[in-house]
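I opened my notebook to keep track of what I looked up, one topic at a time. Here is the structure I was working from.

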Number of protein chains: 2
Amino acid sequence: MKISYANRGMDLESEINDTNHYYLDIDKAVVYKKPTPITISKVNYKENRINEGYFRTPSTTDYNGLYKGYYIDFEAKETVNKTSFPLQNIHPHQIEHLKKVVKHGGIGFLIIRFKTINETYYLDANELIKFIKDNTAKSIPIDYFRANGHIIKDKFQPRVDYLSIVDLYIGVKNEKKI
Amino acid sequence: MKISYANRGMDLESEINDTNHYYLDIDKAVVYKKPTPITISKVNYKENRINEGYFRTPSTTDYNGLYKGYYIDFEAKETVNKTSFPLQNIHPHQIEHLKKVVKHGGIGFLIIRFKTINETYYLDANELIKFIKDNTAKSIPIDYFRANGHIIKDKFQPRVDYLSIVDLYIGVKNEKKI
């Protein structure tokens with residue numbers, strides 16, 4: 001019997017938050033999850049309390065920050081699907097945002113976890129954009145992640161070591177500069 | 001009688017939000033204000049409504065984004081003081097955050113508006129850090145902004161053209177690289 005200790009019931013968001021805390025602690029990168037956008041309609045400032053508010057659709061991705069002088073920006077999602085990632089999980093705004101990130105010289109990507117089979121992939125924004133341009137499919141097949149993305153292996157610390165993949169893209173960027 | 005049309009009662013935050021929208025529209029930069037961090041304690045997911053929440057102390061600055069391949073990060077504040085900017089308006093967390101931004105190769109700064117005299121300054125994070133290191137004063141005198149910062153002139157569009165100052169710092173960064 002194989003027991004996996006790598007994923008003790010934590011969801012991807014918590015694991016990425018832990019990872020970002022770890023990167024901050026060891027002074028490797030400065031990456032934060034953005035707070036959930038909310039419209040506040042009733043507030044008691046004296047007691048610092050919100051009495052009514054509504055969730056807004058985000059115009060950007062959930063995470064951004066700074067690593068080795070580069071702007072990085074990404075969205076992270078889990079799916080229970082085993083064979084593909086449904087694109088409806090990403091807002092059109094967020095895809096437009098990632099296009100802008102790439103255009104202005106940042107590093108944009110998705111972190112997608114296929115929960116059921118416990119595989120987590122890094123997909124560069126350029127590969128996402130290419131897929132959407134070349135396909136009408138509403139889901140990205142897992143084989144596309146396997147062929148054009150990078151698997152992020154479970155680790156004890158940091159949990160989701162996505163910067164090890166970002167390093168590959170920084171290498172490519174620097175080669176282009178030379 | 002001199003009538004100022006430059007500042008039609010808008011506060012600095014609204015003017016910077018307008019500026020960021022403008023930069024996005026003309027595809028010059030991708031900068032957003034982060035949503036206010038909130039702890040949600042009671043929520044009705046069906047109706048998408050928050051019934052109770054509390055404001056949290058922010059761990060970072062309010063604004064960050066991407067410009068010409070650079071990570072930029074800043075905090076904006078208004079003061080009614082005429083002669084100095086009280087440092088208590090900036091959380092210690094935010095100063096620590098700006099230090100990290102500088103260390104990791106980003107461009108960090110403050111935008112400070114002296115409302116009463118309608119002067120808005122850009123102060124680079126390095127100058128802020130130097131002031132705190134060299135002084136025990138709890139306020140930064142306006143003369144320090146005049147000597148070590150840059151005035152941001154009122155414009156019709158964009159309202160607070162801070163990227164024109166960021167350009168100066170990008171110039172210095174590129175010279176250092178050469």
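**Ground rules.** Before naming any piece, I noted how the pieces are assigned: helices (H or I, at least four residues) and strands (E, at least two) are DSSP runs, numbered from the N terminus. This is a predicted model, where local features need pLDDT of at least 70, side-chain atom pairs count only at pLDDT 80 or more, and totals for chains, interfaces and linings use all residues. Residues are numbered from 1 along each chain as its sequence is written, while chains are lettered from A and ligands numbered from 1 in the order in which they are written.

Entry 1: I started with A:Pro158, which sits in the loop between strand S10 (150–151) and helix H5 (163–177) of chain A. The peptide bond joining A:Gln157 to A:Pro158 is cis, with omega about -10°. I then checked chain B and found a cis bond between B:Gln157 and B:Pro158, with omega again about -10°. B:Pro158 is in the loop between S10 and helix H5 (163–177) of chain B. I jotted down the background: most residues other than glycine have a negative phi, and most peptide bonds are trans.

**Entry 2: a positive phi.** A:Lys68 isn't a glycine, yet its phi is positive, near 50°. I found A:Lys68 in the loop between strand S4 (63–67) and strand S5 (70–79) of chain A. Is A:Lys68 buried, exposed or partly exposed? My cut-offs: a residue is buried if 20 or more other C-beta atoms lie within 10 Å of its own, exposed if 12 or fewer, and partly exposed in between, with C-beta atoms placed from the backbone. A:Lys68 has 15 C-beta neighbours inside 10 Å, so it counts as partly exposed. B:Lys68 has a positive phi of about 50° and lies in the loop between S4 and S5 of chain B. B:Lys68 is partly exposed too, with 15 other C-beta atoms within 10 Å.

**Entry 3: chain A overall.** I counted five helices and 10 strands in chain A. Its radius of gyration (taken over C-alpha atoms) is compared with a globule rule of 2.2 Å times the number of residues to the power 0.38. The radius is 18 Å, close to the 16 Å that the rule gives for 178 residues, so chain A is as compact as a globular protein of that length. Its C-alpha atoms fill a box of roughly 55 × 50 × 40 Å along the principal axes. Of the 178 residues, 31% count as buried.

**Entry 4: the sheet in chain B.** Strands pair if DSSP finds at least two bridges between them. Six strands of chain B make an open sheet in the order S1-S4-S5-S7-S8-S10, with mixed pairing. S1 and strand S10 (150–151) are at the edges with a single partner strand each, so one side of each has no neighbour in the sheet. S4(B) and strand S5 (residues 70–79) of chain B are antiparallel over five bridges, and B:Asn64 stands opposite B:Asp73 in S5(B).

**Entry 5: how the chains meet.** Contact here means that the C-beta atoms of two residues, placed from the backbone, lie within 7 Å. How many residues does each chain put into the contact? I got 28 from chain B and 28 from chain A. S3(B) gives the largest share of chain B's side, seven residues. Strand S3 (residues 49–55) of chain A and S3(B) run antiparallel and are joined by four bridges; A:Ile50 has B:Gly53 as its bridge partner.

I also followed A:Asn48, in the loop between strand S2 (38–44) and S3 of chain A. A:Asn48 is exposed, with 11 other C-beta atoms within 10 Å. Leaving out residues up to four places away in sequence, A:Asn48 touches B:Tyr54 and B:Phe55.

**Entry 6: symmetry.** Two copies of a chain are related by a rotation about an axis and a shift along it. I noted the method: least-squares superposition on the C-alpha atoms of residues with pLDDT of at least 70 in both copies. A rotation of 180° with 0.0 Å of shift along its axis puts chain B on chain A (RMSD 0.0 Å). That is the relation of a two-fold axis.
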